[in-house]
Amino acid sequence: MSEFDVAVLGGGPAGAHAAMAAAAAGLSVALFDENPAAGGQVYRAPVEGAAASGGADQEAGNTLRRELAASGVTTFFGHSVWAVTGDYRIDATGPHGAAHYTARALIAAAGTTERVVPFEGWTTPGVIGLAAATILLKSQHMLPGQSTLVAGCGPLLAAVAAKTIEGGGRVEAIADLAGIGDWLRTVPALLARPDLLRQGLRWWNTIRRAGTRRYARHTIVRVEAAGAQLRATLAPCDASGRPVEGKRKTVMADCVAVGHGLTPSTEVTRLLRAQHRYSREAGGWIAVADQDGRTSRPRLYVAGDGAGIAGAAAAAKHGTLAGLACALDLGAQAPARLQSLVETARDEFLQAARAGHAMANLMALRPGHVDSIGPSTIVCRCEDVTRAEIDAAFDSGAHDVNQLKAWTRCGMGPCQGRTCGDIAGELLARHAADASRERVGCFSARTPLRPVTVEALSGDYTYDSIPIPKAAPL
Ligand SMILES: Cc1cc2nc3c(=O)[nH]c(=O)nc-3n(C[C@H](O)[C@H](O)[C@H](O)COP(=O)(O)OP(=O)(O)OC[C@H]3O[C@@H](n4cnc5c(N)ncnc54)[C@H](O)[C@@H]3O)c2cc1C
């Protein structure tokens with residue numbers, strides 16, 4: 001078992017910058033990530049053998065990976081962390097099986113999970129997440145489909161559609177929950193980030209030049225298999241995402257890439273029983289933390305989108321803040337110098353977060369959208385729990401999400417509620433007069449945080465290695 005001053009969970013912009021800041025302050029730092037290289041979701045490295053996709057994200061990722069490699073941080077890539085204990089023992093499975101590490105402090109920078117508001121047929125093969133499509137495009141340089149319907153909300157709509165077109169694919173249509181006015185309202189915040197504004201305009205220009213139809217204020221209501229293709233039905237919707245009367249459109253495609261925003265990944269901080277609060281603007285449940293990422297639990301910090309959705313640039317600055325806060329709390333040398341770095345990083349974080357928050361607003365969960373989930377639609381896809389079963393459980397007395405979990409197995413499958421937790425909570429809350437998410441709570445986190453095989457835990461042994469106790473004397 002190896003010991004470190006700080007363990008950092010997550011090798012995205014937040015985790016990498018947190019680790020580098022703590023290491024630069026003289027601490028021994030271990031960084032864990034299940035991916036083969038640093039970069040997280042946004043700066044994902046291409047898999048071995050795949051052509052690099054190029055572009056600004058790839059460049060930024062390469063720079064991050066170079067800086068991290070030179071920083072003195074001990075990195076554990078290809079390691080899935082499946083348990084963390086109260087004394088910061090990290091249990092992971094990696095290329096050589098199970099491994100354990102200990103640290104005096106933990107920085108959780110676990111990023112986000114994609115949200116998909118269920119609709120009829122969303123579990124049909126060929127329907128994938130919008131954010132998942134970025135993984136195919138970035139790390140494998142593969143198109144989600146030869147012909148793709150792109151649907152949902154937020155900046156990933158434009159990113160996926162433009163990159164699919166640039167990669168030689170056809171985007172049949174874009175169904176956007178937002179209206180033009182919603183996008184225009186983001187412009188003032190984006191003026192401080194001309195790079196993002198330029199990138200967005202370039203994407204929309206690519207889409208326009210390809211002649212792709214864009215249906216503003218439209219939502220997918222059904223997808224069904226039609227031979228080798230998928231038939232998607234789109235309906236006009238109001239600002240809350242609720243389908244309204246009006247002409248429905250049918251779109252045929254061989255892939256439907258759909259996503260309705262991102263929710264912070266809080267499994268580790270929930271497992272460690274830090275205090276949490278619900279924030280619709282931040283994307284869902286987040287750990288209660290000060291501006292530098294200190295949580296309610298001693299020597300536990302949060303950073304990046306896992307602490308509230310604010311985008312990649314803000315995640316990096318937030319990571320630096322958490323790394324510095326941790327170094328100060330662990331008594332690293334030159335505290336005055338570290339404190340002045342904190343002041344600078346706080347200003348930079350606030351500036352970067354402005355654009356990120358405007359984008360997060362576009363992706364916030366819309367209540368009318370959740371209301372429109374049909375009774376027979378599956379909400380928990382691991383355990384096949386439908387909306388009707390969730391409503392029936394509420395009527396029988398399951399008034400918080402953990403009661404719901406025990407009643408129906410919703411959230412008890414391999415993803416541990418990462419996919420359905422947000423929607424299940426919203427559905428329960430919508431039964432209550434005040435629709436309070438705080439009242440219905442969030443799933444208690446349980447190990448294993450990631451699926452883990454018995455083989456990885458047991459390692460190599462034969463039956464001869466099993467100690468057989470001697471028979472007790474009569
Ligand atoms: C699938 C997906 C694709 C996205 N694509 C884009 C994009 O193209 N452009 C964009 O601007 N934003 C994208 N985002 C949003 C993006 O997450 C952020 O803005 C940015 O990457 C946040 O940085 P971060 O460091 O906070 O988190 P992340 O970059 O998400 O990094 C967190 C890291 O922690 C790792 N991790 C989490 N839990 C564990 C565990 N138990 N064990 C081991 N490792 C773990 C994750 O694998 C990940 O590498 C995407 C989000 C998702 C979910």
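The model is a predicted one. Its protein chain is divided into three parts to keep in mind: domain 1 (2–112 + 263–362), domain 2 (116–260) and domain 3 (373–440). A ligand lies between domain 1 and domain 2, because both give residues to the shell around it.

**Domains**

- Domain 1 is made of two stretches of the chain, 2–112 and 263–362, while domain 2 spans 116–260 and domain 3 spans 373–440.
- The centres of domain 2 and domain 3, taken over C-alpha atoms, are separated by 27 Å. Seven residues from domain 2 and seven residues from domain 3 take part in their contact.

**The ligand and its surroundings**

- The ligand is surrounded by 31 residues, and the closest are Ala-14, Asp-33, Glu-34, Lys-138 and Asp-305.
- Asp-33 has a polar side-chain atom 2.7 Å from an oxygen atom of the ligand, and an N or O atom in the side chain of Lys-138 is 2.6 Å from a ligand oxygen atom.
- Val-42 takes part through its backbone: one of its backbone N or O atoms lies 3.5 Å from an oxygen atom of the ligand.
- On its own, the ligand has 970 Å² of accessible area, and the protein covers 92% of this.
- Helix H1 (13–24), strand S4 (80–84), helix H3 (130–140) and helix H9 (312–329) are the elements that give two or more residues to the shell. H3 gives the most, with four residues.
- By residue type, the shell holds 13 nonpolar, 13 polar and five charged residues.

- Look for Asp-182 in helix H5 (residues 180–184). Asp-182 counts as buried because its relative accessibility is 16%, under the 20% cut-off.
- Leaving out residues up to four places away in sequence, Asp-182 touches Arg-217, Leu-362 and Arg-366.
- With Arg-217 there is a polar contact between the two side chains, at 3.0 Å. A polar atom of the Asp-182 side chain also lies 2.8 Å from the backbone nitrogen of Gly-179.
- Arg-115 is 67 residues from Asp-182 along the chain, and the C-alpha atoms of this pair are separated by 19 Å.

- Most residues other than glycine have a negative phi, and most peptide bonds are trans. The residues below depart from that pattern.
- Arg-217, the side-chain partner of Asp-182, has a positive phi of about 50° although it is not a glycine. It sits in the loop between strand S11 (213–216) and strand S12 (218–226), and its 24% relative accessibility makes it partly exposed.
- Asp-384 is not a glycine either, yet it has a positive phi of about 55°. Its place is the loop between strand S20 (378–380) and strand S21 (385–386).
- Thr-447 and Pro-448 are joined by a cis peptide bond, with omega about 0°. Pro-448 belongs to the loop between helix H15 (437–440) and helix H16 (454–458).

**A buried strand residue**

- Thr-233 is part of strand S13 (residues 229–236), and its 9% relative accessibility means that it counts as buried.
- Beyond its neighbours within four places in sequence, Thr-233 is in contact with Thr-219, Ile-220, Val-221, Arg-222, Arg-248 and Lys-249.

How values were computed: Residues are numbered from 1 along each chain as its sequence is written. This is a predicted model: local features need pLDDT of at least 70, side-chain atom pairs count only at pLDDT 80 or more; totals for chains, interfaces and linings use all residues. Side-chain values use heavy atoms; hydrogens and water are left out. A residue is near a molecule or strand if one of its heavy atoms lies within 4 Å of it. A polar contact is a pair of N or O atoms within 3.5 Å; within protein, one must be able to donate a hydrogen and the other to accept it, and residues adjacent in sequence count only if both atoms are side-chain atoms. Accessible areas come from the Shrake-Rupley method with a 1.4 Å probe; for residues, only the protein chains shown count as cover. Ala, Val, Leu, Ile, Met, Phe, Trp, Tyr, Cys and Pro count as nonpolar, Asp, Glu, Lys and Arg as charged, and the others, Gly among them, as polar. Domain bounds come from an automatic or database domain assignment. Buried means under 20% relative accessible area, exposed over 50%, partly exposed in between (1.4 Å probe, protein chains only). Contact means heavy atoms within 4.5 Å.
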